Amino acid sequence: MPLRDKNSLSRDGPPAMPVVIIGNGPSGICLSHLLSGYTPYLDAALVHPNPVLYHKLQEAKHLPITEQDLQYLCEGLEGRSGNPVAVLYDTLLHPDADRGFEFPSVLQWRLDKRHHIPHLILGKSAPGGAWHAMEGSMLTISLGIWMELPGVSYRDVNPAKRRAASSNRASPEEIVSYYQNYVTLMGLQRNFVENTYVTSVQRLHRGDGEDRWERRGEGTRESAVSQGLWEVRGYQQLQGETHVPFSLFAENVVLATGASDSPARLGVEGEELPYVFHSVRDLGAAVSQRGKSGPASDPVLVVGAGLSAADAILCACDHSISVLHAFRKRADDPSLIFKQLPKALYPEYHRVYHMMCSQTHLPAPVTNRGANPTVPSASSALLPDYTSFPEHCVLSFHPDMSCVLRGSNGVLRAVKVSMVLVLIGTYPDLFFIKEKGQYLGLDSSRPISCKHNPVDINPYTFECRAEPGLFAMGPLVGDNFVRFLKGGALGIASCLLKRLKKMEKKLIEDGGGGQGGSPGGFV
């Protein structure tokens, strides 16, 4: 679907889309589902296993969940997300899932055009978001059924393929296929615009004479009452590498960009050298190039102790490439992600964890001399397939493809490598927003981070506290799992639908009439 360039600002204000969603991964898809008129009600034939929540749901069973008091429904609920609406929506879709049960959802879906809010979803690729870029041989951390979106069973669309103990998990390819099929089955295609790259999101506001619209300056603030419009600029890449600029105007903007745009860096000497990479995919590319990395080459150094690092180690081991593995924590640190994964479901990750604990580097005594410590080679103590360096950090990388590691005792070790993979996390790239979105965080003095500094939102509407009319969901607010990011869609849709209903009521009271269906505007 091509976008038209709408650059002119009319006297009465630009034509505006009620909602523009930036990002077409599972967050954006789930929100589109609700904004398209799919409305969740309590299924009268089912009983939720939580008696307190079920009693609350019975009190307003004639109303859709989106019109109920979400804060009231969330009270007393506990779960694995810090966002209460995410916990609520999860328990409605998967009751008692954390206790190992597979109870059916207690929601019944009805398509109601009165609840439809026009919207556009802008994405760099086909629906599926970052799942398109993930390594094909990986399996998801979540069970396949927890990757599904409301209204369409994952198992119905993707029949289970037998993978022994891991048969209930899915590959990125299967997940992408499910999300694309979901968009088609739900009839959401018209809302999605592919191959779009957003370069600027700015607030517009009325000029002093209130007869023109202007871009808001860096120092101005606006109240929630006169919040104005948003201008979303960017370009769409068409066939033949043609870039067509666009400018859209929106009453509300939703940030659903995920958090995998920019890899975290060590910030050490030599990290810009050409043999240092920050993605598992780079290892796959090196393996496919004969002679670059293989059984006869120097080891690959993997830095980090998360699941991406484990995926890289598994990939290297599968291709008989020797691995050196450096990470800051102790191998038995209880906070390591491997401690939270059941062995039966994640045997490959527990294989990596076993090597981390049992195949550690055994250093020989080293004497540091004055200000210039001796940096011996660690090669004599390396194991043939894998050697871990717990409680080590990288001090520097050098042009001769050697790396210097420093242990917790201050001892330095030099290792010769064929390539380095620094896999220590990722950050969202909100370059298109003022201050790169930093002012939206819980701590406005630090960059946005899904773990350490998520976007500061109203927990029941997902509206940014610093910007009325701007919403955030998914990893940007700390929900990294598909199972929980769906809660952001419920919170945002509920907020917008309630505002629409309030606006229509006011129009009727003012004698202006009122019609169901598409809104006339939120501002």
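T91 sits in helix α4 (residues 84-93); helices here are DSSP runs of H or I with at least four residues, strands are E runs of at least two, and both are numbered from the N terminus. This is a predicted model, where local features need pLDDT of at least 70, side-chain atom pairs count only at pLDDT 80 or more, and totals for chains, interfaces and linings use all residues. Residues are numbered from 1 along each chain as its sequence is written, and side-chain values use heavy atoms, with hydrogens and water left out.

- T91 counts as buried because its relative accessibility is 14%; buried means under 20% relative accessible area, exposed over 50%, and partly exposed in between (1.4 Å probe, protein chains only).
- Skipping residues up to four places away in sequence, T91 touches H48, L53, L77 and D96, with contact meaning heavy atoms within 4.5 Å.
- The helix as a whole is largely enclosed by the rest of the structure, because 9 of the 10 residues of α4 are buried.
- Those buried residues include V85, Y89, D90 and T91.
- They pack against α1 (26-35), α2 (51-59), α3 (70-74), β3 (107-116) and α10.

**Nonpolar cores**
- The largest nonpolar core has 81 residues, and L31, V232, L255, L440 and V455 touch the most other members; such a core is a set of buried Ala, Val, Leu, Ile, Met, Phe, Trp, Tyr and Cys residues joined through side-chain atoms within 4.5 Å.
- Helix α10 (residues 482-509) supplies the largest share of this core, 10 residues.
- Another core, of 33 residues, lies apart from it, with V300, A316, C317 and M355 among its members.
- L440, leaving aside neighbours within four places in sequence, is in contact with L255, I433, I448, V455, D456, C464, A466, E467 and L470.

- Strand β16 (residues 402-407) pairs with β17 over 5 antiparallel bridges, and S402 stands opposite K416 in β17.

**Cysteines**
- Searching the whole structure turns up 0 disulfides, a disulfide being a pair of cysteine sulfur atoms within 2.5 Å.
- C30 is buried at 0% relative accessible area, and C393 is buried at 15%.

Notes: Two strands pair if DSSP finds at least two bridges between them.
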